[in-house]
Amino acid sequence: MIARLRRTYRRLRLGTRLALGLGVLSLMVFAVVGTALTTYMRDYLSEQLDEQLAQGQIAQSRNIEEYGTLSGKKYYSWFYAVYDVSGGKPVLRKPEDPGDLPKDVDAFTAVARAQMSADTEVLRTDDLKGKGTYRLRACEFEPGTILVSAAPMDGIDDTVGRLIMIQAIAFGLALLALVVFGRGMLRRGLKPLSDMAHTARGITSHDLTDSARLPVRHDGRSGGPEVEELRTAFNTMLEHIDDSLAVRTEVEQRLRRFVADASHELRTPLMSVRGYADLFQYAAANAPEERDKHLARLRAEAARMGVLLDDLLLLARLDAADVEAPLRLEEVDLVELVHQAADAFRAGRTDHPLTVTAGPGPVMLRLDPLRIRQVLDNLLSNAAVHTPAGTKVSAEVSVESGMAVVRVADAGPGIPAADQHRVFDRFYRVDKARSRDRGGSGLGLAVARSLARAHGGTLELTSCPGSTTFTIRLPLGRTA
């Protein structure tokens with residue numbers, strides 16, 4: 001039975017359980033208050049009856065002393081007994097009226113005997129056979145004579161009984177109203193929690209659009225500060241989940257695009273290798289000049305594929321922050337490194353005049369010279385590839401706000417504004433029609449930015465018609 005009640009209670013809604021708990025707590029409070037009030041009322045009425053007995057016995061004692069009788073000083077439904085105790089034991093005098101005493105006078109005799117050895121009046125409550133509960137009081141109004149009076153307690157019992165009945169009815173109605181109206185108030189107060197539960201159920205459909213936000217109460221009321229805090233926390237959590245899923249979706253899309261682009265980039269040199277291998281096998285075996293030509297093409301495609309794979313491996317290691325960092329740091333003069341890259345550029349790109357501007361002193365940094373040289377070579381090569389012959393290219397080294405700055409600029413046609421935010425994406429080409437042999441794989445700028453970030457720096461682009469500038473910023477006196 002108890003287990004069944006527990007299961008039933010657990011299945012109840014939170015508002016109902018709170019209302020029942022409030023009802024039980026209120027019932028306990030009502031019981032304590034009712035018990036205290038009833039006890040106080042009974043004690044008060046008993047004190048009043050004792051005082052009435054004392055005042056009545058004073059008048060009766062005077063009447064007996066003066067007239068030798070109780071006549072005229074008897075009260076309705078009271079009992080009276082006079083005992084002579086001069087002989088050492090209580091002896092009941094003959095009552096003036098048979099109705100003055102009940103048939104059983106043992107209780108009166110016991111009170112008189114107790115009064116003989118007491119210094120003050122004796123009070124007792126006894127149940128007189130056939131008469132009910134009475135309050136008995138004994139006093140010695142003259143030496144050797146004791147008066148015992150008994151007053152019924154029916155009035156007290158009736159009053160206390162009515163008080164208990166009134167309390168039970170009043171407390172019962174109050175408890176019923178408290179549970180009913182409390183349930184309604186709790187339901188309204190917990191309505192925001194129901195809204196949250198409805199929204200949480202909606203999350204199972206993976207619909208995290210704006211419709212999944214918790215609605216504002218249309219009646220202008222809220223569930224209090226606690227519910228508002230929970231609502232805010234819940235909405236913040238949903239926004240975080242929504243943003244996380246959006247980022248995850250974007251990452252997955254970029255990954256799929258990256259895999260597709262990488263597969264496409266690798267497929268081209270592999271197909272070339274396969275084609276030249278077939279030509280070498282079937283058509284060029286007996287022609288030395290054709291064989292050398294095809295072998296050269298095979299080596300070129302293999303080298304191109306090797307460069308592509310090296311770039312992909314480097315990007316993967318930089319993204320994953322591999323334990324074996326791809327950087328070998330040492331103290332290097334950045335100005336000298338820029339001059340070395342400029343000399344290599346002039347040797348291979350004679351159709352693009354290059355000027356280098358630097359301060360009078362060296363700019364010493366702790367960096368990986370091979371990787372920073374790779375960044376510089378990529379930027380200079382990018383300037384030559386995407387500008388017509390004769391376009392001026394410049395490289396400038398300076399120190400600004402605690403950062404070493406290298407600017408590689410060209411006076412070419414510039415990069416369209418729509419493409420500027422994507423030039424650092426992997427496999428992205430501004431000129432979609434440019435051949436891979438001339439335009440590269442689209443990994444150069446992505447590698448350059450990743451290497452700059454690996455050194456704790458940045459790589460930024462500013463471009464407009466007639467000017468394109470890539471700016472590298474590297475921190476001074478900081479280990480990557």
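Which residues of α9 are buried? Select residues 369–385 to find out: the buried ones are P369, I372, Q374, V375, L376, L379, L380, N382, A383, A384 and V385 (buried means under 20% relative accessible area with a 1.4 Å probe, protein chains only).

Before moving on, a word on what's on screen. This is a predicted model, where local features need pLDDT of at least 70, side-chain atom pairs count only at pLDDT 80 or more, and totals for chains, interfaces and linings use all residues. Residues are numbered from 1 along each chain as its sequence is written, and side-chain values use heavy atoms, with hydrogens and water left out.

Next, select strand β1, residues 79–84. Five of its six residues are buried, so β1 is largely enclosed by the rest of the structure. Show β5 (residues 145–152) too: six bridges join β1 to this antiparallel strand (strands pair if DSSP finds at least two bridges between them). Look for F79 opposite A150.

Then pick β2, residues 91–92, which runs antiparallel to β1 and is joined to it by two bridges. Here D84 faces V91. The two strands form a hairpin with six residues between them, and G88 in the turn has a positive phi of about 90°.

Terms used. Buried < 20%, exposed > 50% of the residue type's maximum accessible area, 1.4 Å probe, protein only. Helix = DSSP H or I, 4+ residues; strand = E, 2+ residues; numbered from the N terminus.
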